[in-house]
Amino acid sequence: MSVLTRDEAQTRARLLDVHRYAISLDLTGGDETFDSRTVIGFTARTAGDTFVELKPAELRSATLDGQPLDTTTLVENRLPLKDLTAGEHELRIEAVMRYSRTGEGMHRFTDPTDGETYVYTQLFLDDVQRVFAAFDQPDLKAVFDLTVKAPEGWSVLANGITTHEGDGLWRAATTPLISTYLVAVAAGPWHSVTTEHRGLPFGIHCRRSLAPHLDADADELFEITRQCFDRYHEKFEEPYPFDSYDQAFVPEFNAGAMENPGLVTFRDEFVYRSAVTDTQRQTRAMVIAHEMAHMWFGDLVTLRWWDDIWLNESFAEYMGYQTLTEATRFTDTWTDFGVARKAWGYDADQRPSTHPVAPEAVDDTASALLNFDGISYAKGASALRQLVAWLGEKDFLAGINTHFARHRFGNAALADFIDSLASATDRDVHAWADAWLRTTGVDTLTPHLTQADDGTYALTVDHDGSRPHRISVGLYDHHIADDGALALRERLDVDIPQAAPQPLGKRPDLLLLNDGDLTYAKVRFDTESFETVQNALAGLPQPLSRAVVWNALRDAVRDGRLPATTYLDTARTHLPHETDLALVDGVLAFASGHIADRYLPSPKLSTPLEQGGTPIARPAALATLTGLCRDLIRRTEDGDNPGLRLIAVRHFIDAAAHPDTIAAWLADGTVPGGPELDPELRWRILGRLAVLGAVDEATIADELARDPSATGQEGAARCRAALPDEEAKRRAWEAMFTTDDLSNYLFTATAQGFWQPEQADLVEEYVDRYWTDAPAVAARRGPAIATAAGRWAFPRHAVNEDTLRRGEQCLREADPTPALRRRLVDELDDLARALRIREA
């Protein structure tokens with residue numbers, strides 16, 4: 001499949017002005033393919049040659065201005081349009097297209113619960129050509145007319161209001177000017193709940209088997225939607241630009257959600273069928289706010305080319321968190337951002353694959369797809385938060401509204417946005433953009449305190465980096481009446497680079513740089529402050545301040561400046577007193593997924609758990625984590641904090657080194673004192689018991705009969721792959737890398753179960769096989785499976801020099817696809833970091 005280059009897109013944009021698409025899809029032709037008919041009206045500004053993209057199972061016919069085109073000239077995904085004359089043209093294409101099982105193009109899913117089938121489109125970034133023919137680049141916007149022939153009993157959702165014209169034919173209202181990648185269709189026997197707000201129809205939709213769970217949360221979903229909608233109308237002068245607002249929760253979705261105008265698609269794990277914490281509800285609400293922000297940032301005003309994806313994602317990320325904080329009951333969203341999303345950005349920005357928030361040039365669509373990462377989302381949002389702190393929200397919003405007015409239903413680039421901001425302020429936003437958006441890496445801020453002759457102190461912030469920062473510095477002292485508490489003495493605003501040292505008065509017990517987390521930088525502690533952190537971290541009054549501290553400790557571990565065991569000890573001391581759920585979950589996730597699983601050595605099955613009376617590091621870490629979780633479970637016995645209890649139960653299960661306790665929970669169907677085991681907890685326990693060799697295939701089959709849902713199918717695949725049995729490993733490997741039958745979600749579930757630190761001996765032969773089998777499956781099955789193979793099927797447990805050597809050899813010799821190469825580069829860099837931490 002040919003990828004579109006930036007130069008090709010610019011050449012085509014100079015040649016063509018695309019006006020209208022008329023698209024007809026027939027979804028009644030069977031399980032494998034559907035019919036697609038496209039009529040494109042466009043103008044050639046001058047005479048010339050170009051091409052249209054499509055990737056059909058069969059190209060039945062193509063005509064240009066009534067004259068047939070030679071269908072055999074379709075090479076890979078391009079049909080040439082030769083000798084165009086200046087003026088109006090009409091291109092007609094009829095094709096048979098393949099349904100997808102990987103979440104790309106037109107994805108088809110049959111629900112194992114009730115046998116109902118659903119299809120939906122995911123056309124981002126260049127997958128529109130899997131569904132209909134198009135001039136597929138974001139700056140060739142057009143209006144779209146869409147009709148869909150669907151099986152009886154189905155309903156059809158699209159970008160505009162749809163009407164059923166009889167005999168299974170559905171027609172969508174004509175769209176405004178939108179980009180090709182934003183066209184959306186979702187068809188099937190949806191369960192729908194509808195309402196109206198500000199004269200617009202609002203709807204939420206899911207597959208029928210999830211109906212009771214959607215109904216249970218419908219009021220909350222609509223409330224969040226209305227609150228964000230109203231808040232955006234207070235911020236933005238441009239009203240919501242489309243005719244309706246539907247949110248469809250669809251199966252096997254590769255992303256969190258997709259901002260299709262008027263029809264946002266979400267992964268249907270957001271329709272909760274098991275108990276969740278309030279932090280998970282907050283995350284869902286943030287995704288709703290994020291996608292709604294895209295109606296303006298990305299849909300109304302769209303990037304011109306993919307080097308400006310930050311104009312979409314960074315803004316939606318920032319606006320999502322900020323608007324949720326302002327307009328809903330979720331007022332501490334920036335804490336979750338700090339402990340979860342921001343770490344994603346910090347990690348990505350310290351790998352060899354790092355890139356600027358706004359790269360100077362992205363050469364082609366394959367390269368662009370790789371940049372949808374923690375830099376474009378979390379770092380970009382952090383940069384915007386710093387921009388607002390520096391610029392002021394009034395001028396920031398004024399610049400945004402100027403941007404919307406100048407480019408509504410059009411396209412824009414970084415320079416256009418900076419010009420719009422500059423029109424609202426006297427500050428040098430061009431210099432700010434160069435420093436923040438064109439550079440890579442993470443700055444580091446370190447406090448340096450000096451004492452004057454009168455005994456007072458002054459602060460100088462050592463700055464390793466090049467960006468300007470406006471930060472708050474928190475000065476905390478031990479509370480006299482409560483030895484465990486810290487009281488905020490003062491919060492100082494400091495600009496970096498500093499013009500002069502900052503007077504502090506008497507030395508604080510804790511000096512916290514970037515208190516409030518308004519900038520993007522690693523922060524360090526002076527010696528006295530670090531001692532206070534170790535002794536009194538839980539006594540910091542604000543969760544966002546504690547998030548800054550936990551991030552600093554995390555960074556110190558990753559940089560080899562803090563022993564991983566010290567992080568565990570700090571967690572063991574302070575986490576039992578933590579009240580913020582996002583912090584508890586984030587700290588436990590890092591402690592288990594990074595420290596216990598990778599940064600500390602793990603015994604092979606053939607070695608004893610103790611050598612010379614000293615516990616091997618990983619088992620000791622797991623014991624620390626289970627002890628910590630047991631404390632949290634005891635703390636929540638009165639039922640006052642079910643969310644904290646649920647987090648503790650989950651992590652206790654995941655860290656269990658012995659099966660007895662969790663097997664008893666499974667047999668009883670409940671944790672003593674609650675909660676009762678819902679499907680999520682039952683599969684979680686079964687997965688851990690499978691790793692420990694405490695269940696067999698028959699037990700997994702019985703549980704699948706109990707829960708035959710799509711989630712149950714994934715749980716069973718994960719458990720079967722985790723069994724410490726040679727035949728089970730062989731079957732799982734073949735399913736992933738040989739048969740090509742697994743959907744994107746079942747591939748991921750199988751990969752998640754396959755590698756286990758406890759089973760290093762058993763799977764040793766597959767580490768070698770990975771370096772040939774992963775590139776092969778990536779080449780056969782495309783970017784979605786390539787990404788899953790690089791992320792979930794990578795042998796992360798094998799932290800040794802041989803894995804690193806073989807991986808580097810694979811990069812040199814196996815020619816992995818761009819999507820897999822990017823994942824391998826990142827995973828190998830993380831592996832090298834883990835080795836350095838172990839040596840330290």
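Reader: Starting with R101, what's its relative accessible area?

Author: R101 has a relative accessible area of 31%, which makes it partly exposed. Buried here is under 20% relative accessible area, exposed is over 50%, and partly exposed is in between, using a 1.4 Å probe and protein chains only. Keep in mind that this is a predicted model, where local features need pLDDT of at least 70, side-chain atom pairs count only at pLDDT 80 or more, and totals for chains, interfaces and linings use all residues. Residues are numbered from 1 along each chain as its sequence is written, and side-chain values use heavy atoms, with hydrogens and water left out.

Reader: Got it. Which side chain does R101 meet in a salt bridge?

Author: That would be E32, at 3.8 Å from N to O. The two ends come from distant parts of the chain, 69 residues apart: E32 is in the loop between strand 1 (16-26) and strand 2 (33-44), and R101 is in the loop between strand 7 (87-98) and strand 8 (105-110). A salt bridge means a side-chain nitrogen of Lys or Arg within 4 Å of a carboxyl oxygen of Asp or Glu. Strands (E, at least two residues) and helices (H or I, at least four) are DSSP runs, numbered from the N terminus.

Reader: And E32, buried or exposed?

Author: E32 is exposed, at 52% relative accessible area.

Reader: How many salt bridges turn up in the whole structure?

Author: The search finds 68. Among them is the one between R171 and E165, with N to O at 2.8 Å. R171 is partly exposed at 38%, and E165 is partly exposed at 43%.

Reader: What does R438 pair with?

Author: R438 pairs with E360, and their closest N and O atoms are 3.6 Å apart. That pair also links distant parts of the chain, 78 residues apart: R438 sits in the loop between helix 10 and strand 22 (444-451), while E360 sits in the loop between helix 5 (333-349) and helix 6 (365-369). R438 counts as partly exposed at 28% relative accessibility, whereas E360 is exposed at 60%.

Reader: Which residues get joined into one network?

Author: R231, E234, K235, E326 and E393, through salt bridges that share partners.

Reader: Switching to aromatics. How many pairs are there?

Author: First the rule: rings of Phe, Tyr and Trp (its six-membered ring) pair if their centres lie within 6.5 Å, and planes under 30 degrees apart count as stacked, over 60 as edge-to-face and the rest as tilted. That gives 52 aromatic pairs. One of them is W432 with W436, a stacked pair at 6.3 Å centre to centre and 20 degrees between the planes.

Reader: How far apart are W432 and W436 in helix 10?

Author: They are 4 residues apart in helix 10 (residues 429-437), so about one helical turn separates them. As background, an α-helix has 3.6 residues a turn, so residues three or four places apart point the same way. Both W432 and W436 are buried.

Reader: What else is buried in helix 10, and what does it pack against?

Author: The buried residues of helix 10 are V429, W432, A433, A435, W436 and L437. They pack against helix 4 (309-327), helix 7 (375-391), helix 9 (414-422) and strand 24 (469-478); contact means heavy atoms within 4.5 Å.

Reader: Which charged residue sits over the ring of W436?

Author: R467, with its charged end 5.5 Å from the ring centre. The test is NZ of Lys or CZ of Arg within 6 Å of the ring centre and within 35 degrees of the ring normal. R78 also lies over a ring face, that of F51, at 4.2 Å from the centre.

Reader: Backbone now. Which residue does a cis peptide bond join to P497?

Author: I496, with omega about 5 degrees. P497 is in the loop between strand 25 (486-496) and strand 26 (502-505). The bond from G674 to P675 is cis as well, with omega near 5 degrees.

Reader: Last one: how many disulfides?

Author: The structure holds 0, counting pairs of cysteine sulfur atoms within 2.5 Å. C228 is buried at 0% relative accessible area, and C810 is buried at 3%.
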